[in-house]
Amino acid sequence: MDRCCDRLCYYETQQNIKWWLIPLAILLLVLAGTAVVIISFVVVTQLKTNVADACLDAFAFAAGTQGGEPAARTSLFRYNISIALAIVNPNRAMGIEHTKPLVGTFVFHDRRLHNLTVVEAGHKHRPGKTEEHLLHADGEIPGFLLGAAAAEDLKKQDAIGLFKVEVRLSGEITHQRIAVAKKRRLRLSCPLELQLAPPGPEVVVFHEVDCKPVKQDKMYF
């Protein structure tokens, strides 16, 4: 009889513990979820940006004419670059608004080749989402704007077959908080090493490159 009472008491104790554990587990889950939301709003994470793919179709000096006169020939630097830029908002609680246009600048040897707008001011980036932007820089500049040092560096890189091109991103964003939204400047550098695309169906393999924050603006000529 005593053994039966012991087993019964043990069973009742187990049941009581079970009924206490269920609400305790629910409470812990609620607290954990609340903590994640609070951290998401308090800790403002930086945008994550990378160049997922890139293609270089032209990057060399070429003869050109100035003012339409064949006699007035001048040296031109020709470029044709395409990149796939991925921008990630890692914060799953807050969206991002671009308070200024996000501008991409293609640079070679500290010489600006091309500026373009990635997204306009007022663009909203949803929480936890990845946006992909295809950027195409195609044009030509007078060769003398590169300068002698850049031209010499270009010859060396041409001999190797690998060209170092930088994409600079600059802009301003604000996180859409419940109360006060603070503006933050964006300054990112995406260093690329690109090969000229070969003729025909052959494809140059490109390895993804992360864009790194930079502290100061750089002046480009």
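This chat covers the disulfide, the salt bridges and one arginine of a predicted model.

Colleague: What should I know before reading this?
Modeller: The model is predicted; local features need pLDDT of at least 70, side-chain atom pairs count only at pLDDT 80 or more, and totals for chains, interfaces and linings use all residues. Residues are numbered from 1 along each chain as its sequence is written, and side-chain values use heavy atoms, with hydrogens and water left out.

Colleague: How many disulfides does the structure hold?
Modeller: The structure holds 1 disulfide (cysteine sulfur atoms within 2.5 Å). C190 is joined to C211, S to S 2.1 Å. C190 sits in strand β8, and C211 in the loop between β9 and β10, 21 residues apart. Strands here are DSSP runs of E, at least two residues.

Colleague: Are C190 and C211 buried or exposed?
Modeller: Both are buried. Buried means under 20% relative accessible area, exposed over 50%, partly exposed in between (1.4 Å probe, protein chains only).

Colleague: Which hand does the disulfide have?
Modeller: Right-handed, because the torsion about the S-S bond is about 105°.

Colleague: New topic. How many salt bridges?
Modeller: The count is 3. A salt bridge needs a side-chain nitrogen of Lys or Arg within 4 Å of a carboxyl oxygen of Asp or Glu. One of them pairs R78 with D138 at 2.6 Å. R78 is in strand β2 and D138 in strand β6, 60 residues apart.

Colleague: What about E166 and R168?
Modeller: Their side chains meet in a salt bridge, 2.6 Å from N to O. E166 and R168 are buried.

Colleague: And where is R187?
Modeller: R187 is in strand β8. Its relative accessible area is 18%, so R187 is buried.

Technical notes
Helices (H or I, at least four residues) and strands (E, at least two) are DSSP runs, numbered from the N terminus.
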